[in-house]
Amino acid sequence: MNRAQSSVEFMIITGFVLFFFVAFLASIALSSSDRLYERQMLTIQQVARSVQEETAFAHATVDGYSRTFELPLQIVNLDYELDVVDGRLYVHTLDGSQALSVLITNVTGTFLPGTNVLRRSNGLVYVNDNP
């Protein structure tokens, strides 16, 4: 009987240890997922702010202004798009997990990940588009 009791106690202790180990690993995985989400959102905000500032500066300059600037090719290993619709810039990942919308001054053309060229001509701002 003593031997059987020791076996049962061993199994109970092993079960508790395994349970706490799995719970610990699950909490680490959730924490990593939260950090990844925050990094993605922060990068999207930085991209949107960069585009906002570049277009606002282009509007504040005189005709003939031209500037080339870079946007990241990916946002934390995710492909993304930038769309300008009715005075709003939409930055979103292609998998749909992240998105942000901000106000932007009017531009003609499309922003792309990578190299972008802003030009001001005849009072209008063009992006990646020759007036």
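Biologist: Why does Asn116 count as buried?

Modeller: Asn116 has a relative accessibility of 0%. Buried means under 20% relative accessible area, exposed means over 50%, and partly exposed lies in between, with a 1.4 Å probe and protein chains only. The value of 0% is under the cut-off, therefore Asn116 counts as buried. This is a predicted model, where local features need pLDDT of at least 70 and side-chain atom pairs count only at pLDDT 80 or more, while totals for chains, interfaces and linings use all residues. Residues are numbered from 1 along each chain as its sequence is written, and side-chain values use heavy atoms, with hydrogens and water left out.

Biologist: Which residues does Asn116 touch, leaving out those up to four places away in sequence?

Modeller: They are Arg67, Thr68, Phe69, Leu71, Thr110, Phe111, Val127 and Asn128. Contact means heavy atoms within 4.5 Å.

Biologist: What makes the link between the side chains of Asn116 and Asn128 a polar contact?

Modeller: A polar contact is a pair of N or O atoms within 3.5 Å; within protein, one must be able to donate a hydrogen and the other to accept it, and residues adjacent in sequence count only if both atoms are side-chain atoms. The two side chains are joined at 2.7 Å, and this distance therefore falls within the limit. The side chain of Asn116 also reaches the backbone oxygen of Leu112, at 2.7 Å.

Biologist: Where does Asn116 lie, and how is that element paired with E7?

Modeller: Asn116 lies in strand E6. Strands (E, at least two residues) and helices (H or I, at least four) are DSSP runs, numbered from the N terminus. Two strands pair if DSSP finds at least two bridges between them. E6 and E7 have four bridges and run antiparallel, so they meet that condition. E6 and E7 form a hairpin with two residues between them, and Asn122 in the turn has a positive phi of about 55 degrees.

Biologist: What makes E5 and E7 a pair?

Modeller: Strand E5 (residues 108-109) is joined to E7 by two bridges in the parallel sense. The condition is at least two, so the pair qualifies. Thr108 stands opposite Tyr126 in E7.

Biologist: Which strands form the open sheet?

Modeller: The order is E2-E3-E4, with antiparallel pairing. E2 and E4 stand at the edges with a single partner strand each, so one side of each has no neighbour in the sheet. From one strand to the next the twist averages 15 degrees; such angles run from 0 to 180 degrees between N-to-C directions, with axes fitted to C-alpha atoms, for helices over the stretch in contact. Six bridges join E2 to E3, and the partner of Glu81 in E3 is His92.

Biologist: How do you know that the length of H1 agrees with its number of residues?

Modeller: The expected span of a helix is 1.5 Å times one less than its number of residues. For the 59 residues of H1 this gives 87 Å, and the end C-alpha atoms are 87 Å apart, so the two agree. H1 lies across E2, E3 and E4, at about 25 degrees to E4. Its buried residues include Val47, Val51 and Thr55. Thr55 has a relative accessible area of 0%.
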